[in-house]
Amino acid sequence: MATDVRQYLRLEAPPMPFCPGCGDRILLRLILTAIDELKINMDDMLFVSGIGCAAWIPSPHFNADTLHTLHGRAIAFATGAKLFNPKLKVMVISGDGDLADIGGNHLIHAARRNIDLTVICANNMVYGQTGGQVAATAAKGVLTATTTAGNYYRPFDLCKLVNAAGATYAARYSVTQPTLLISSIKKALQTEGFSFIEVISPCPTQFGRRNRLDTPKDTFKFFEDKLITKEDAEGLSPQELENRIITGEFSNGSS
Amino acid sequence: MVLKEMKSTLPPGSYYFSGNEAAAEGAIAAQCGYYAGYPITPSSELMHRIAARFRETGAVFMQMEDELASICSIIGASWAGARAMTATSGPGFSLMQEAISYAIMTETPIVIVDIQRVGPSTGQATRPGGGDMMQAKWGSHGDREVIAISPWSVQEMYDQTINAFNLAERYRVPVILLSDEAIAHLRERIEVRERITIFNRRKEKGAPPFGAGDDGVPPMPAFGEGEKLLVTASTHTEYGLRKTNDPLVQAKLASRLHYKIVNKREEIIEYEHYHVEDAEVVVIAYGFTARSSLFAVERLRQEGKKVGMIRLKTIWPFADRLIRNLGAKVKKVFVPEMNIGQMAGEIMKYAPCDVISFSQTNGEVIHPYTIMEQLERLL
Amino acid sequence: MGAVKQVRLCGLGGQGIVLAGTILGHAGINDRKWVAGSSSYGAEARGSACRSEVIISDEPISFPHVIEADILVAMSQSAYDKYIENVESEKGIVIYDDPLVSTKEINGLKQIGIPATNIAATELNNKQVANMVILGIAVEITKIVTKGALISAVEKNVPERFKALNLKAVELGLNWEME
Ligand SMILES: Cc1ncc(C[n+]2csc(CCOP(=O)(O)OP(=O)(O)O)c2C)c(N)n1
Ligand SMILES: [Mg+2]
């Protein structure tokens, strides 16, 4: 990863707000690397985000048009901008709580309409910004500020969700799989229609700490141990896959 | 050139429109480029007409999944360069409140038509009410200034929708057309003029999009123009950079957002007066109720009674000076409303005279005879 | 003040009262008059008593709802009973569908029975257009709008596939010989 992504950053922006070991910092760099490799002109890009730590990835750091919106509504704002000016290349970057909890309805409807957006969802299983409450993506049993006896409910499988709704491209990768993730982002950006990538982006501060993962390294390991490729997952029973995170591309019909 | 005269999209002449249809035509005349909405009685015919007519004009229409998405998408479209609009009624208007606050903070021009129905909550969907007057002003968190207009006829549904777009673009603020079921479903003859005046968004390359400009209203670039815009509703600098810990930046921004409207209120506010010169009792009314009131006032004048009327065309910003001056001259003002004294309360803040509030919230318009009876008691 | 005529059409939901009102309003516009119209709206318009009001005036209209009807057109008993008290007592005219409506004697009030539903059924084999028959007759009696204005309003407001039938019905009304 030799790309110098600084050329895509806004110089006047303050230092990035991400905690030491935050997955979002890596994600930021990988998104810009994909853009660099595709040689996309940042003047053509519009980055839309909601509210949360992940929503701070593009705003204010990306040196392009950025629209930092309301909690949960990024996709709705993006829809209006894209439909009025189809020349804009629109990427939505936000957290799992933002896109899948409060904003879940907009997510499925944008997928159903197959609006030409690329949506990147940073999954840390919690609401990082507000103190580590459980998100709809949290694995069963995890400890959060609001599941102190362990999360009781199942997580959303966001790729299945958007696929069922009609997305053109859906994938899941972790920030610990940079090469795969970059190529997935590139694919998403080149997809016409709705493309969605769920990115496992660990949060050592809010998630790790509560789950007795004392260092960022432990937090990353916790997630890495759960990863299993789509190919390896084939043939395994639901029980065996419980609490595993399947990575790969899950697009309708293809790959 | 910021002000532009242009040809009306409809051939000039007389039309027999409902209020909803007239507002849709007003939006088309005002070059609305993007409309998003979610169906709700009694506003839906407005959306139906937009959906059909946009196919002819080439503008973008979207039926969204809810009112949150509707208003958020028009804000997105506005930043992409569109004159943008949505329409709704009480329950939907409530859902839009968070985003109205967003549009105020980000200085995004949008037009919201609120066809009021009687509440609280679902209430009576096909019956008029006036219960959103205060919600328009104070419906979301934060001190905030909007512009709200109350049309009293189908003609004004057309004219004031055009005006709403112009005000929104001129002041970079959401403008709310506070109408109601009685006007939205009324059909009247309206006159479409040959030419209309449109206010074009002011642009200035490189100028701070959230700076004070000459008059508190900065120019507004659009996405895709290479300006690398930073738009956020968190407290921000004049170039849109978040500053969420700096009291000075917060104070400066909040005060500019307030004063850019309040200091221009004499320019924004429109009202009409009838027989106030020698009046002892003056009715202050707006919307449909002003039609009933004027009828009552004219009848009583024929009988030699000293009554007059002020019609508030602009609701917000509030016509405080008008009311203060009026209250110093007359003994009593009478405020009939289809809510429980929402504007009467505002009038009491400024009028140094007796303010008599008359409320009717049964889902019926206030009959002229009711107003006559009430006024006769006060004379 | 110039001439102002307040018209109230009433009947049961499904009889086409609202459409008749809209057409009458459009006819007023065609005659270069000022017009205001309102009607029962939505679910309430189906089945139960339903009304449509039209005010036609030489000058802009101040209050846009009917205060006291100059012309009442009634197509059902319940609607007649509901609105008969609100007719101008000196110059008012009531036109009702006979025998669907039986009238009350009211001092000085001119009430004219027209078998509109029967006419529609026998002449056009379609009760559905009784509204157009009675509208045509009401216009013929009261001259509130011109014939040409009414016919062109029907053309503008009725879907293509029902146009011929509705035009026939309204013309039948306009040319009805009163005995
Ligand atoms: C309407 C509304 N409700 C609640 C909040 C508070 N809030 C801010 S961010 C957030 C959750 C963010 O979680 P996520 O989207 O997962 O982002 P992360 O911080 O984990 O990256 C919440 C609940 C808000 N800003 N707006
Ligand atoms: Mg999160």
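## Touring the domain boundary in chain B

Between domain 1 of chain B and domain 2 of chain B, 13 residue pairs, both at pLDDT 80 or more, are in polar contact (N or O atoms within 3.5 Å; within protein, one must be able to donate a hydrogen and the other to accept it, and residues adjacent in sequence count only if both atoms are side-chain atoms). You are looking at a predicted model, where local features need pLDDT of at least 70, side-chain atom pairs count only at pLDDT 80 or more, and totals for chains, interfaces and linings use all residues. Residues are numbered from 1 along each chain as its sequence is written, chains are lettered from A and ligands numbered from 1 in the order in which they are written, and side-chain values use heavy atoms, leaving out hydrogens and water.

**Select the two domains.** Colour 3-199 of chain B as domain 1 and 271-378 as domain 2; these bounds come from an automatic or database domain assignment. Their centres, taken over C-alpha atoms, lie 26 Å apart.

**Show the touching residues.** Here 27 residues of domain 1 of chain B meet 26 of domain 2 of chain B, with contact meaning heavy atoms within 4.5 Å.

**Next, pick Lys313(B) and Glu156(B).** Their side chains form a salt bridge, 3.7 Å from N to O (a side-chain nitrogen of Lys or Arg within 4 Å of a carboxyl oxygen of Asp or Glu). Across this interface, the rule finds four salt bridges.
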